[in-house]
Amino acid sequence: MSQPSVILATASYDHTIRFWEAETGRCYRTIQYPDSHVNRLEITPDKRYLAAACNPHIRLFDVNSNSPQPVMTYDSHTNNVMAVGFQCDGKWMYSGSEDGTVKIWDLRAPGCQKEYESVAAVNTVVLHPNQTELISGDQNGNIRVWDLRANSCSCELVPEVDTAVRSLTVMWDGTMVVAANNRGTCYVWRLLRGKQTMTEFEPLHKLQAHNGHILKCILSPANKYLATASSDKTVKIWNVDGFKLEKVLTGHQRWVWDCVFSVDGEFLVTASSDMTARLWSMPAGKEVKVYQGHHKATVCCALHD
């Protein structure tokens, strides 16, 4: 099966994962997934595999095959896996779960290589661009930095006590991190290198972005925008220089669960409870394509272009 240059995938509560032609909106492959719903999708850096974070396992599917069977299953979490991602060379994968742990996996082996105890349910995990620190956010409102070399927690922050951290995003150059919570607030820090190698957080901005939950926040690769997806049915686009509201993307009819930028920051893909995923032009602030085919809420999307 020849691989499209743009890999776009979505997952839904209808127990399917769908692959889409980004430009035409045609669904060209559907994977039935009866075991569990999918919480998060991520594509490997080499575009070969799609990881589906489920309950309580992670499954890896071949992007270039028509086989409905996963090429690998990763078991050892004991609850919903809420976060998944890859090291830049695709050598290893990281995950975070409602079982209160953050784990590291070697993609070539089925077992878990490292485990970090966060205690509270983990909602979000991002990898610092230095590839040696993971940052996690949990249901109790804790943000923790896990030093993968020292195998320990090197930093702990609580921006708002007992308010769940729903989503974390880190700037591609490692200079900024944003945490979004259940009360519609984004906390922004400048990341500084300490005297050792440890990352230090310097408070930069507090942004009341939405009245409802923020379900996903993401910084664009082009260093310009922060996107916040919310239960208020909108996605807001903020300029990171001063955090002024640039655009409000309206069109979804229900909660917007996930969003991801194209590599040049010119487009954004969103996934919503209204059963659709949508492609938006950033310069225009308008919807340019709707991906329809799921029968229940579309809760996550992945893009590799």
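The sulfur of Cys54 lies 8.4 Å from the closest cysteine sulfur, that of Cys300, which is too far for a bond. In total, the structure holds 0 disulfides, a disulfide being a pair of cysteine sulfur atoms within 2.5 Å. Cys54 is buried, at 0% relative accessibility, whereas Cys88 is partly exposed, at 45%. Here, buried denotes a relative accessible area under 20%, exposed one over 50%, and partly exposed a value in between, computed with a 1.4 Å probe on protein chains only.

The model is predicted, so that local features need pLDDT of at least 70 and side-chain atom pairs count only at pLDDT 80 or more, while totals for chains, interfaces and linings use all residues. Residues are numbered from 1 along each chain as its sequence is written, and side-chain values use heavy atoms, with hydrogens and water left out.

A search of the whole structure identified 14 salt bridges, a salt bridge being a side-chain nitrogen of Lys or Arg within 4 Å of a carboxyl oxygen of Asp or Glu. One of the salt bridges pairs Arg183 with Glu160, with 3.1 Å between the closest N and O atoms. Arg183 belongs to the loop between β17 (176–181) and β18 (185–193), and Glu160 to the loop between β15 (152–157) and β16 (165–170), so this pair ties together parts that are 23 residues apart in sequence. Strands (E, at least two residues) and helices (H or I, at least four) are DSSP runs, numbered from the N terminus. Arg183 is partly exposed, with a relative accessible area of 49%, while Glu160 is buried, at 16%.

A salt bridge also joins the side chains of Asp258 and Lys216, at 2.7 Å from N to O. Asp258 is part of strand β24 (residues 256–261) and Lys216 of strand β20 (residues 214–219), so the pair ties together parts that are 42 residues apart in sequence. Asp258 is buried, with a relative accessible area of 1%, and Lys216 is buried, with a value of 13%.

In a further salt bridge, the side chains of Glu287 and Arg278 meet at 2.6 Å, N to O. Glu287 is partly exposed, at 33% relative accessibility, and Arg278 is buried, at 10%. Elsewhere, salt bridges that share partners join Arg40, Lys216 and Asp258 into one network. The side chain of Arg278 also makes a polar contact with the side chain of Thr276, at 3.1 Å. A polar contact is a pair of N or O atoms within 3.5 Å; within protein, one must be able to donate a hydrogen and the other to accept it, and residues adjacent in sequence count only if both atoms are side-chain atoms. Thr276 lies in strand β26 (residues 276–281) and is buried, with a relative accessible area of 5%.

The largest pocket holds about 1,300 Å³ of space. Pockets were identified on a 1 Å grid over the protein atoms alone, a pocket being an open set of points with protein on both sides within 12 Å along at least five of seven lines, where a 1.4 Å probe fits; lining residues have an atom within 4 Å of a point. Grid points are joined across faces, edges and corners, and the volume is the space filled by probe spheres set on the points. The largest pocket is lined by 46 residues, with Glu42, Phe86, Tyr94, Ile218 and Val260 nearest its centre. At least two lining residues come from each of β4 (40–43), β8 (81–86), β12 (122–127), β16, β20, β24 and β28 (298–304). The lining comprises 28 nonpolar, 12 polar and 6 charged residues. In this classification, Ala, Val, Leu, Ile, Met, Phe, Trp, Tyr, Cys and Pro count as nonpolar, Asp, Glu, Lys and Arg as charged, and the others, Gly among them, as polar.

The second largest pocket holds about 310 Å³ of space. It is lined by 16 residues, of which Val6, Ala22, Glu23, Leu279 and Asp305 are the closest to its centre. By class, this lining has 9 nonpolar, 3 polar and 4 charged residues.

Backbone geometry was also examined. The peptide bond from Asn55 to Pro56 is cis, with omega near 0 degrees, and Pro56 lies in the loop between β5 (49–53) and β6 (58–62). Asp162, a residue other than glycine, has a positive phi, near 60 degrees. Asp162 is located in the loop between β15 and β16 and is exposed, with a relative accessible area of 62%.
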